[in-house]
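Student: I have not seen this structure before. Could we go through it by question and answer?

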Amino acid sequence: MRLKLMVTLTLLLFIAPLLVGFGGVIAPAFSWLPVLGLQQLSFNGWLQMLAWPGLSHSLLLTLFTGLGSTLLALCWCFIILKQCWHSQYWFKIERLLVPVLAMPHVAFVLGLVLTFSANGWLARILHHLGFSQHLYPSVIHDSYGIGLLLTLAIKETPFLLLMSMAVLQQLNIKQLQQVAASLGYNPQQTWFRLILPLWLPKLRLAIYAVTGYSLAVVDVALIIGPNQPSTFAVLVWQWFNEPNLELLPRAAAGAMLLLLLTAAIIILLRFIEWLLISYCNQWQYRGVTANVKIHNKTGSNHRIAIKLSQALLLFPLLMLPTLAIWSVAQRWRFPDLFPSRYSWRFWQQQLEPLQSLMTNSLILALISSLSAIILAIVCLEYRQKYQRGLSPWLITVPMIAPQISLLFGMQTLIYTLPGQHYWLWLSWSHWLYVFPYVYLALDGAWRSYDVRLDQTARSLGLTGWQTWWQVKMPQMHSALWFAFAMGCSVSLAQYLPTQMLGAGRITTLTTEAVTLASGQDRRVSAIYGLLQGLLPFALFAFAMIMAKSRYSSSHSPSQER
């Protein structure tokens, strides 16, 4: 009974903000906002939005960067898997995935700005090589959004690789390749015609999550994306920050349009997936003799895939040294490759505000992660006991839906409630985005757990709690620490929830890093970007150390005997 009550509580905590969020953005979109005295439904917000100059250009930029980055990341992911899966190099890729995923988007983008700006490192290198610094087109705030597209694709490819690992392990690729080889198919044909239609549907939720994020991203687009005009998500965010509250219906209409646009793109991706799988199935029925020949250049393709994976996995990590050097550079004239003077003065100046920001960031990360782990364990135990649980589609709604659309509705309701409980609402919003990642991180471990261990322990006289703590908990030890680090990393990267539900009263490293990205002093920006990147690394390192350590000295075999 207690387990059922906890699952019900989790559902309420999870579904309530979704209903409030979507409902709270639909009503203001049609000019129904009693707090501002708007009590008659109308299309004024939509008309104001449609009359905005450059709206179509902004929507096209959003489609190009969001959909383009998703498809590019998916292609890169498949190329790397096809050539490197279970090869000697694949284990190196596995070791690099966690640190790359731990690095927040904002820290990576700040490093990109310091590298590719007009007086960044690349321009300095080109100058020393005798080339003009204008040789390459700028990817910082470029009008076509190329820089934003590439940035999102680079950061999302490791996520798709991580999600693909579990998928390919379920498919038993080695056995599929052996069967295909016995039928006369070469490795290239096997991957394109046999493994691809099996891999793509199982990766569907991850693809939709990447799509939803790319279409509605705000913090990364503010730092590196186009600004004349900006992407539609940034435009809606600017409308929300208008001092004239009577223009809120326009912002709500924009948030609703962004939600509908995301849903339409996901439907389009589902249709493309159906066409691709249908074609592959028809090819399988026709047989190998009717197959279009695919040239098998295994050696060269393998080298290309290795170079691609090295670039995608090592390039984000190279941003940390860039940020570190800029943070201590006192004098760095162009075109010098390195600073002529170093100083800790900027660190000393920012020491006091950094303590407050790091404290706020860590408190939010710990509260959201620990509560998410506890409730995820409850839901997984309930599913294991009763063979029913939370739907994967429900779990991934916060990952897919545009943040600005969901949070605006939550903000509208919260501001009508008495009291100023900003920490409560902010922790709840962080938990809403942390819980899906924690749940999915623990889902595989719970599915692979052998329930016969519990049955044996209960037959030997252990209670339910003793069985869980002494038998099951040691088996889940590593997965729990990984989920904790994953949850903290997700919380530390949250920008819009902190800005909207914190109402500017609670600031974190991420919010300050984005704010300072447009400032004049790059040293201060580098400090905040570096710390924002190193904090998740430290948490993942701590989790890995704890995961490898003995679960508890009190549970050692000698003491048990």
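Predicted model: local features only at pLDDT ≥ 70, side-chain atom pairs only at ≥ 80, totals over all residues.

Student: At roughly what angle do helix α5 and helix α26 cross?

Tutor: Helix α5 covers residues 105-116 and helix α26 covers residues 522-548. Their axes come within 8 Å, and α5 passes α26 in a left-handed crossing. The crossing angle is roughly 145 degrees.

Student: How many charged residues does the contact of α5 with α26 have?

Tutor: From α5 come Val 106, Ala 107, Leu 110 and Leu 114, which meet Arg 522, Ser 525, Ala 526, Gly 529, Gln 532 and Gly 533 of α26. By class, five residues of this contact are nonpolar and four are polar. The number of charged residues is one.

Student: Which helix gives the largest share of the lining of the second largest pocket?

Tutor: This pocket holds about 1,100 Å³ of space and has 28 lining residues, with Leu 3, Ile 377, Glu 381, Trp 465 and Trp 468 nearest its centre. At least two lining residues come from each of α1 (2-29), α16 (351-386), α21 (452-459), α22 (464-475) and α23 (477-492). The largest share is nine residues, and the helix that gives it is α16.

Student: How many residues in the lining of the second largest pocket are nonpolar?

Tutor: The lining is sorted by class, with five polar and six charged residues. The nonpolar residues number 17.

Student: What is the volume of the largest cavity?

Tutor: The count of cavities of 30 Å³ or more comes to one. Ser 361, Leu 492, Leu 509, Thr 510, Leu 531, Gln 532, Leu 535 and Pro 536 line the largest cavity. Its volume is about 30 Å³.

Student: Which element supplies the largest share of the lining of the largest cavity?

Tutor: By class, this lining has five nonpolar, three polar and no charged residues. The largest share is four residues, and the element that supplies it is α26.

Student: Is Thr 70 buried or exposed?

Tutor: Thr 70 lies in helix α3 (residues 55-84). Its relative accessibility is 2%, and buried means under 20%, so Thr 70 counts as buried.

Student: Which residues is Thr 70 in contact with, leaving aside its neighbours within four places in sequence?

Tutor: Tyr 439 is 369 residues from Thr 70 along the chain, and their C-alpha atoms are separated by 23 Å. Contact means heavy atoms within 4.5 Å. With those sequence neighbours left aside, the residues in contact with Thr 70 are Ile 207, Val 210, Thr 211 and Ser 214.

Methods. Residues numbered from 1 in each chain as written. Heavy atoms only, no water. Axes fitted to C-alpha atoms, helices over the stretch in contact; angles between N-to-C directions. Left-handed = near helix turned anticlockwise from the far one by under 90°. Nonpolar A, V, L, I, M, F, W, Y, C, P; charged D, E, K, R; others polar. 1 Å grid on protein atoms, 1.4 Å probe; cavity = no way out; pocket = protein on both sides within 12 Å on 5 of 7 lines; lining within 4 Å. Points joined across faces, edges and corners; volume = space filled by probe spheres on them. Buried < 20%, exposed > 50% of the residue type's maximum accessible area, 1.4 Å probe, protein only.
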